[in-house]
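Q: I have a model open and would like to talk through some of its local features. Could you take my questions as they come?

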Amino acid sequence: MNPDILTRARDLHRRAVIAIGDRPVGTMAARDPDADPLNYDHCFTRDFAVSAMAFLLAGDFAIVKNFLLETVALQITEKRMECFEPGQGLMPASFRLEPGAGSLSADFGGQAIARVAPVDAGFWWLFILRAYVKASGDIELAQGGQFQHAIHLILDLCLPPRFEMFPTLLVPDGCFMIDRRMGVYGHPLDIQALFFIALRVCEELLSEGEANRSYLWAIKSRISHLALHVREHYWLDLPRLNEIYRYRVDEFGAGVSNKFNLYPAAIPDWLTEWLPGEDGGYFAGNLGPGRMDFRFFSQGNLLSVLSSLADRDKAEKVMIMIERRWDDLVAYMPIKICFPALEGEDWRIMTGCDQKNTPWSYHNGGSWPFLSWLLVAAAMTCGREDMADRVISLLEARLDRDDWPEYYDGKNGRLLGRKARMLQTWTIAGYLVAVSLRDNPSGLAAITFDDQTYDLACPL
Ligand code: GLC
């Protein structure tokens, strides 16, 4: 760890703070003086999750508590029948400080580029709340009436049965960190891992008593089904790929093996060589009728390790996978958001010719240093301090020199992202969390969940 870089990062992180008067309430997404701010002067819920972890690990609880109090007040609490209004229970994608007014205004996706819905916001909010409670010991905040009600509203939004047969959540394209069209509609892994985390948080933070009995029952049942479903059906390693390769198709009724009617011909050419031998594996990016997205999505896989959505054995295999394919997934900058990039006709059709998401750039195979907080945390959870050290030295070799960019481009992450902003806050916070966890592993307790056994029979 380089003390000069660390001091600079701490200072830059502090400068990104948004305050109402002298009350810090969040951090702005980026402070690049040379770029049009668009909405990068907002505090994004998902970006603040990384900042929150950095503040909590440094013992700075006040800003996180203030953020939670401000956002709980912004949550949509009334039932709305108008389809253009954000629905009850939604947490804001982002908020900004109204210049001069001293108040906050929130965006629920209605202003965002392509009007994407922030399905992940409520889940990140719960993750932040639980980390705050764990780090500060302030359980009273979570158990107060306003916060218990907020938790109910989030659950009411995602627990009721809808138009599907699975325990996973069905969502539109671009509704999480990848907030542009990238073929991530349906049942993307990132959302399922966050949903799993959200349910585990609710299970921990809902107070005991009659009022919560039915919620707790519904949570327990959904967690089991979700975990079993993802562990069984999303998992990919060589033996599993071989099963898919030999699948029979168009089977009807109960007890069939090819439940999603996957056609073996859809297995992409790159995959059979890319999967290591028997000792590595990962969760596929998406699964639905006739469709498995075989791309490796880093955030979803790393969150699965932290949350124990991946059991111990699978978690270790995910880390082995990253190690065996280090040159593809990490190379010069940890870590690619997904691998491989969509190219040619796939890129045209799946992104709608998105010029920001060209192959090996931005969300389409770009490298995002902020994800290092998850990579280091996952590595440490699996006893892989050696990997954590490699990650931190890659970050220190470039981030400060390059002015803390948002992302990098290219197959090996060597190029500064074509449209990357500088002084990107979650890049700075991601580095701070990585260093802090490596220094003091006890911090992991606030962001990890123990491995549980789920024994409900999965109805699928
Ligand atoms: C981009 C990212 C999004 C992030 C935002 C602010 O839109 O895709 O995930 O929250 O920038 O950093």
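Q: Which residue lies over the face of Tyr40?
A: In this predicted model, Arg421 is the residue over the face of Tyr40, and its distance from the ring centre is 3.8 Å. There is also an arrangement of this kind at Tyr185, where the charged end of Arg291 sits over the ring at 4.2 Å from the centre.

Q: And aromatic pairs, how many are there by this rule?
A: The count comes to 26 aromatic pairs. Among them is the pair of Trp235 and Phe283, which is edge-to-face, with 5.2 Å from centre to centre and 75 degrees between the planes. This pair links distant parts of the chain, since Trp235 belongs to strand 6 (residues 235-236) and Phe283 to strand 7 (residues 282-283), 48 residues apart.

Q: Are those two, Trp235 and Phe283, buried or exposed?
A: Both Trp235 and Phe283 are buried.

Q: Which residues form the aromatic cluster?
A: One cluster is made up of Trp270, Trp274, Tyr282, Phe296, Phe339 and Trp360.

Q: What joins Pro334 and Ile335?
A: A cis peptide bond joins them, with omega about -10 degrees, and Ile335 lies in the loop between helix 13 (326-329) and strand 11 (338-339). For background, most peptide bonds are trans, and most residues other than glycine have a negative phi.

Q: Switching to pockets, what is the volume of the largest pocket?
A: The volume of the largest pocket is about 630 Å³. Its lining consists of 26 residues, with Gly87, Leu90, Ala117, Val119 and Leu157 nearest the centre.

Q: What is the lining like by class?
A: The lining of the largest pocket has 18 nonpolar residues, five polar and three charged. Helix 4 (119-136) and helix 6 (145-158) each supply at least two of the lining residues.

Notes
Residues numbered from 1 in each chain as written. Predicted model: local features only at pLDDT ≥ 70, side-chain atom pairs only at ≥ 80, totals over all residues. Heavy atoms only, no water. 1 Å grid on protein atoms, 1.4 Å probe; cavity = no way out; pocket = protein on both sides within 12 Å on 5 of 7 lines; lining within 4 Å. Points joined across faces, edges and corners; volume = space filled by probe spheres on them. Helix = DSSP H or I, 4+ residues; strand = E, 2+ residues; numbered from the N terminus. Nonpolar A, V, L, I, M, F, W, Y, C, P; charged D, E, K, R; others polar. Phe/Tyr/Trp six-rings, centres within 6.5 Å; stacked < 30°, edge-to-face > 60°. Buried < 20%, exposed > 50% of the residue type's maximum accessible area, 1.4 Å probe, protein only. Lys NZ or Arg CZ within 6 Å of the ring centre and 35° of its normal.
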